[in-house]
There are 8 protein chains.
Amino acid sequence: MVLILMGSDSDLPIMKKAAEVLEKFGVPYYMTVASAHRTPDRVERLVKEAEAKGTKVIIAGAGGAAHLPGVVAALTTLPVIGVPIKTSSLNGLDSLLSIVQMPAGIPVATVAINGAENAALLAIAILATSDEILARKLKEYREEMMKKVEEKAEKLDNLGYKAYIENFLNK
Amino acid sequence: MVLILMGSDSDLPIMKKAAEVLEKFGVPYYMTVASAHRTPDRVERLVKEAEAKGTKVIIAGAGGAAHLPGVVAALTTLPVIGVPIKTSSLNGLDSLLSIVQMPAGIPVATVAINGAENAALLAIAILATSDEILARKLKEYREEMMKKVEEKAEKLDNLGYKAYIENFLNK
Amino acid sequence: MVLILMGSDSDLPIMKKAAEVLEKFGVPYYMTVASAHRTPDRVERLVKEAEAKGTKVIIAGAGGAAHLPGVVAALTTLPVIGVPIKTSSLNGLDSLLSIVQMPAGIPVATVAINGAENAALLAIAILATSDEILARKLKEYREEMMKKVEEKAEKLDNLGYKAYIENFLNK
Amino acid sequence: MVLILMGSDSDLPIMKKAAEVLEKFGVPYYMTVASAHRTPDRVERLVKEAEAKGTKVIIAGAGGAAHLPGVVAALTTLPVIGVPIKTSSLNGLDSLLSIVQMPAGIPVATVAINGAENAALLAIAILATSDEILARKLKEYREEMMKKVEEKAEKLDNLGYKAYIENFLNK
Amino acid sequence: MVLILMGSDSDLPIMKKAAEVLEKFGVPYYMTVASAHRTPDRVERLVKEAEAKGTKVIIAGAGGAAHLPGVVAALTTLPVIGVPIKTSSLNGLDSLLSIVQMPAGIPVATVAINGAENAALLAIAILATSDEILARKLKEYREEMMKKVEEKAEKLDNLGYKAYIENFLNK
Amino acid sequence: MVLILMGSDSDLPIMKKAAEVLEKFGVPYYMTVASAHRTPDRVERLVKEAEAKGTKVIIAGAGGAAHLPGVVAALTTLPVIGVPIKTSSLNGLDSLLSIVQMPAGIPVATVAINGAENAALLAIAILATSDEILARKLKEYREEMMKKVEEKAEKLDNLGYKAYIENFLNK
Amino acid sequence: MVLILMGSDSDLPIMKKAAEVLEKFGVPYYMTVASAHRTPDRVERLVKEAEAKGTKVIIAGAGGAAHLPGVVAALTTLPVIGVPIKTSSLNGLDSLLSIVQMPAGIPVATVAINGAENAALLAIAILATSDEILARKLKEYREEMMKKVEEKAEKLDNLGYKAYIENFLNK
Amino acid sequence: MVLILMGSDSDLPIMKKAAEVLEKFGVPYYMTVASAHRTPDRVERLVKEAEAKGTKVIIAGAGGAAHLPGVVAALTTLPVIGVPIKTSSLNGLDSLLSIVQMPAGIPVATVAINGAENAALLAIAILATSDEILARKLKEYREEMMKKVEEKAEKLDNLGYKAYIENFLNK
């Protein structure tokens, strides 16, 4: 079970990518909004409930002074994955530094700015350390990715770059 | 009454400057260590106690993914002043962005990196909005600062820059 | 009474959010344009008038080499709140550093880039240190915010993320 | 079993902190040097061997154009934790961005610059998702940390900040 | 012979500029997609094949945690030219630092963010160190560039800036 | 006489603002394109001609690795004013640092990113050190600016911010 | 006549380099301390006196939220040269942006971080636009610089780099 | 034949590393000082002489507004390798951007900040495109590097990290 938290519903278009990956792998998850600043009690309650339910990994996305992942990590010893959301003024550099620069003792596993897809893949890799079926699915996923790159390369080779750009990249 | 919090005792050499300014102005304060990440319950308890005691302003210093000021601000409607502590790797830019870029709804009054002295002066200016004696003391403090600059300027004028550097800046 | 200053009328679409919050709380304010660089005398006159009128807090927004908040702070011992305005080239990092990195002695309470709403909430928190009605209103405002987050969370839970994004986030 | 890799033996004074934490928790690990750039074959061999041995998590530290964690992540579906090492010119901002900004598909769980201690704690939290004894130890570790903060706070309270700085921070 | 690699087909609109320059100079090249992270084996195979075919220079473009140029450089002693691709969040600063900050021993010749045209010109300059015809063509190319600047200057001089902007810059 | 140089005709929409200010003040000027990198000889010739014609100030705008102002400054002892042009990837931070960080011995008077208007005003201030009519015009220009700010402030005061934004800022 | 201002006497070890250059060229100057924030009236008085005395150029150095050069520029139409002073936390990036990013209408001629020597040379170049003797001296100064470089090159050529480093660079 | 240029003799402790690598490979080189700003004519003369002598590659190191590599690249069609020198205020970020962000048409092959060793290795890789003996030496150099890493790894394995740090890293 994975819990996906986000600091604001405006983060949903990014964070839904985590949900989509988990669905693709058949990993049960639930997803909700909880602000570290506007609803500290709600965050605490959700983390305690998550532990009680047997949730294994928490993914938390936030932007700006992005405290949600760190606040969650302070409340649990479960692995917490932080997704820095791109911001309009500082492009997510603020979110990234607010999430990754945690003090010794309380880690947050940070992924790229807007990297919700990788947050889900990391959660799956964590679950896969004790779930062989999931571990196998992850390997298959990698192979699919590889094949897609190779298909693109072949297509590019066959068509030449002008036709490729025309047909596959121009919207 | 002012509460001075800091995320780690290693912040004390900076944060003590806030205490010294408050002492100079005769403003009662108390100062303690509480980490938003290592001791979230302690932070919550301290903030609730502060409100109960009639504390008017909270100063919070922290470095890195500096969540303490924002976490405190989430727990109270008292004015919260954040002091970004200089860090060894990113020089406090991480601390600054983690403190200042708060989302709409929960402000933190941020001062300069390592600016504990100004945090105290800001706390005093806040208290002075309803305390005329303090307001007068603040004006006197400004006048003293002005005089000190003018004394330095006079000394520089009298001595010339070589002697001034030799006598007043070299160590 | 709160004075809202801004360096240019182009800052108005951001700074008006401070006015809207103050109106919502019933806090009297007045708002005008005054450039630290183009109209230094006007800034000085406005600050002196503000003190004479019994203004308690000054909010000042500016962009680029954003000197207005610091210049105002140099002219008064009232609490001054600085709003760094996002700029077209450096996205407001220039504004932020120009406002927050004040020297010891003259603090500016800095909020997030474009954080005019928080500037007003901070001004209210300052006034609330000696105004119980305002203090109560601030607490209610927080509760409202909390409820809004919870309503969104419930809606997201009921609809699922696809319908939520479709209906509430797509323009 | 945890594998700790580092790009250069000059990273050892930082990376050993990961080893120390793992030792403290009684988690078996092995640690070696392997450069993504100077010894790509060695990296590949080590990752394959790690999988064969049943290693569950790989910690990789590197500085500058810090490719080691990403290169390892490309070679395995095990969870990979990246430690950006502080650099002399850009202070580790280069290391951080080179590690955290991974493309969709291949996550690296990134911790703070020089955050080797947290890398180990994160590895332990991952192992603890299927090891209750470890999970309990993690909770105890948190409690110890909490107590240490409270002891420091008490000492600061008893001694006052001057004596505290004198006795516990000077030197 | 020049090999142009890119980490993703989304880099093609930038990287094709390298192809166009090579075509203009009549330098044989081939271009394909290969991700350092998704297809490490493919990268290795391509580099080995390139060496076997007598390729003299490899151009590699990548964005974000842009490891492709460094990974290629680790696999060959041929000169490798890295093109940092502009990214949506950090504008290519992440790509630039991930490519240019290589450790001693394994150089990557880095050009500007999105500088694929210059990557090709640099490849040609390298080939021209042992190919006089190419060296002559490079000199002619420079002269053409010079003439174009002078023609623009003359046109600007004749038309005045208003008409010039109207006719030549307004789309 | 003022010479306005720019590294590329794409800088013209910014640099023309310098021309417009000089025209407004009746200061003779000429403006042309010359790239430090593509046309080093042309730059040298133009600087020598400028000196021969009695040009007093040179304004040079350039973007990216913006060497034009520094290269011009190396060729003349006339005051050289540098205008960093905003770039698409690094927003002009590259241009700014390339222009302002000149070594001891060869100064470039640097203005804001895209600050061509201020470059012209600075050129006029320089000429005005020995031209009283120009000095007077500069003072009048300042007074005009002041009046415009005051007119805006009055309008804002009369209309209220909603009507002001509606009528004067909405496109 | 040149006025050298600095925001704090701690800037003197840098700003004295401007004085030394002016002395070397025989340009009369006076130098004093005046803080834009601590002594706004003093700054205004000094600028007015400077104009009355016939001062032609003002050099102003400041660090952090470095408002002094901009505040001076707002008070006069004389050319103002700003020297960003290196700061302990952000290394002078804050000073640089606070000085260079001035709004349209009020230019500050900005030099490199700690570039006081170049500030003086720029002041001299400005004065030299109407002073042929100074213009000649500037040209001679350049020639001296050139000769020094050539002497060093010759020495390096004669001694080889090992002996050169040993004898001329080691302490 | 390789020419090593540097903007100042203070760059020699870094740039000598390029000389040492070239010596180790038996590649003839000469090294001198020439400032793009202080001695533009000298730079031009040296580049013309280098071409006349049959120099194949030019390495140029510079710091701050580091124009030397770009200025050299503008004067020749030989491959030019730029070494950004670390600076005291901005740590070489200014040097890096001034060198790498060259406009289309005039490439500079940029290496890491202070990366003189890699500049030499890149020069050798360029020469090796038409020199099989050099190509072989490069491969051997790589193998040596690999062996050194493996020796260190073995030593670390044998001694354990405590003894390794004690004996090989503690000065």
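**Figure 1. The two domains of chain A and the distance between their centres.** In this predicted model, the centres of domain 1 and domain 2 of chain A, taken over C-alpha atoms, lie 31 Å apart. Domain 1 of chain A covers 2-130 and domain 2 of chain A covers 136-169, bounds of this kind coming from an automatic or database domain assignment. Seven residues of domain 1 of chain A and four residues of domain 2 of chain A take part in the contact, where contact means heavy atoms within 4.5 Å.

**Figure 2. The surface between the two domains of chain A.** Together, domain 1 of chain A and domain 2 of chain A bury about 510 Å², with 72% of it on carbon and sulfur atoms; buried area is the accessible area (1.4 Å probe) that two parts lose on being put together, summed over both. On the side of domain 1 of chain A, the residues that lose the most area to domain 2 of chain A are A:Lys24, A:Phe25 and A:Leu121, which together make up 75% of what that side buries. The count between the two domains of chain A is one salt bridge, a term for a side-chain nitrogen of Lys or Arg within 4 Å of a carboxyl oxygen of Asp or Glu. A:Lys24 also forms a salt bridge with A:Glu144, with the closest N and O atoms 3.8 Å apart.

**Figure 3. The interface of chain B and chain C.** Here 35 residues of chain B are in contact with 35 residues of chain C, and the two chains bury about 3,100 Å² between them, 60% of it on carbon and sulfur atoms. B:Thr77, B:Thr129 and B:Arg142 supply 22% of the area that chain B buries against chain C, more than any other three residues.

**Figure 4. Chain E against chain D.** Chain E can be laid on chain D with an RMSD of 0.0 Å by a turn of 180° and a shift of 0.0 Å along the axis, the superposition being by least squares on the C-alpha atoms of residues with pLDDT of at least 70 in both. The two copies are thus related as by a two-fold rotation axis. Of the residues of chain E, E:Ser98 comes closest to that axis, with its C-alpha at 2.4 Å. The same surface serves both copies, since 100% of the contact residues of chain E recur in chain D. Chain E and chain D bury about 1,900 Å² between them, 61% of it on carbon and sulfur atoms, and E:His37, E:His67 and E:Gln101 supply 28% of the area that chain E buries against chain D, more than any other three residues.

**Notes to the figures.** Residues are numbered from 1 along each chain as its sequence is written, while chains are lettered from A and ligands numbered from 1 in the order in which they are written. In this predicted model, local features need pLDDT of at least 70, side-chain atom pairs count only at pLDDT 80 or more, and totals for chains, interfaces and linings use all residues, while side-chain values use heavy atoms, with hydrogens and water left out.
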